[in-house]
Amino acid sequence: MRRRGIFITFEGVEGSGKTTQIRRLARRLRKEGIPPVVTREPGGTALGDALRRLLLDPASAGMPPLTELLLYAAARADHIHRVIQPALERGRVVLCDRYLDATLAYQGYGRGLPLDLIRRIHSVPPLGLRPDLTLLLEIDVEKGLRRARRRDEALRSSGEGRFEAESLEFHRRVAAGYRRLTLSRRGYRRIDASGPIGEVAEKIARFVLPLAGAIRTERGSRKTAGEHSRIHRSVVARTPRSGARGGAGVGRRAVARRGGR
C-alpha cells in the first residue's frame, strides 16, 4: 500500500478530552496550511455510522463481546477502505478519534477477549493498517467517567451512553490495558490530559506539527514513495518527547461528536 500521508490516532478512557483536542489540533493544522481529514471510530462512513448507533446505544446492553468485536472490525474495514486509506494515498494528514488500540483496550482488556484473536482479525487487509502516531490522553479514570456521564446527561438525545454505563472496574481495566499497550509497540506518546485544555493542546502540537510539516515540505517537491517513507521515519524519530509521561518511540506508522470504542 502506498502511503504518502500521516495517520494519527487519539486514544483514552471516557472523558479524557480526545474530541476537544482533535478539534483544536485540526484548527491549528488548517492555520498552518495543512487541512487534515478528521474522522472517528466507529463511524466515518454510512455503514460505520449505522454500526456506531447499534454499538453505543444503551439498548444494546448485554451484547456478547465477540459480537461487539466483529461489529467494530466490520466498521473499521469499511472506514479504512473508504476514508483512511484513500486520504493517506492523497498525502493527507488523517486524525482519527479511536482506532485499533481502543478495541484492544475495551474488548480485549475490558471485556476479556484474547488479544491475539483481536490482532489476528486485524492482520487481514485492509485491517492491517497501523498509525504513524498514537496519542494516549491520560486522565484519572473516575474523573473522566464523571465528566463523560455529565456530558451524556446534558446530551440526552445522543443515545451513545452504553460504555459510560459500565462499572468503574471495567473502566479501570481499560485504562490499565492502554498503559500496557504503550509498551507493546512503537508509535505511542502518552499525554497528561489532566491540565488545562490549552496546555494539553500545546503538548499534542509539539508531537504532531513536525510530522505535519514534513507533509507540507513533501508537497513542494517530487519524491518517490521510498523517499517519502524515509522522510517520515526520520521526522518521527526526531519527534520531541517533552510534554508526555513515558511512552515508547514513534514507529511506522470530521469529529462533530465524541469517538466510540
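Is Asp-116 buried, partly exposed or exposed? Asp-116 is partly exposed, with a relative accessible area of 46%. Buried means under 20% relative accessible area, exposed over 50%, and partly exposed in between (1.4 Å probe, protein chains only).

The structure is a predicted model in which local features need pLDDT of at least 70 and side-chain atom pairs count only at pLDDT 80 or more, while totals for chains, interfaces and linings use all residues. Residues are numbered from 1 along each chain as its sequence is written, and side-chain values use heavy atoms, with hydrogens and water left out.

View 1. The side chains of Asp-116 and Arg-120 meet in a salt bridge at 3.4 Å, N to O. A salt bridge is a side-chain nitrogen of Lys or Arg within 4 Å of a carboxyl oxygen of Asp or Glu. Both residues lie in helix H5 (residues 115-121), four residues apart, about one turn of the helix. Helices (H or I, at least four residues) and strands (E, at least two) are DSSP runs, numbered from the N terminus. An α-helix has 3.6 residues a turn, so residues three or four places apart point the same way. Arg-120 is partly exposed, at 48% relative accessible area.

View 2. Lys-18 and Asp-97 form a salt bridge through their side chains (2.6 Å, N to O). Lys-18 belongs to helix H1 and Asp-97 to strand E3 (residues 93-97), so the pair ties together parts that are 79 residues apart in sequence. Both Lys-18 and Asp-97 are buried.

View 3. Arg-28 is in helix H1 and Glu-202 in helix H8 (residues 197-219), 174 residues apart. Arg-28 is partly exposed at 29% relative accessibility, and Glu-202 is partly exposed at 38%.

**View 4. Helix H7.** This helix (residues 168-181) has 14 residues and reaches 20 Å from its first C-alpha to its last, close to the 20 Å expected at 1.5 Å a residue. The expected span is 1.5 Å times one less than the number of residues. Among the buried residues of H7 are Phe-170, Val-174, Tyr-178 and Leu-181.
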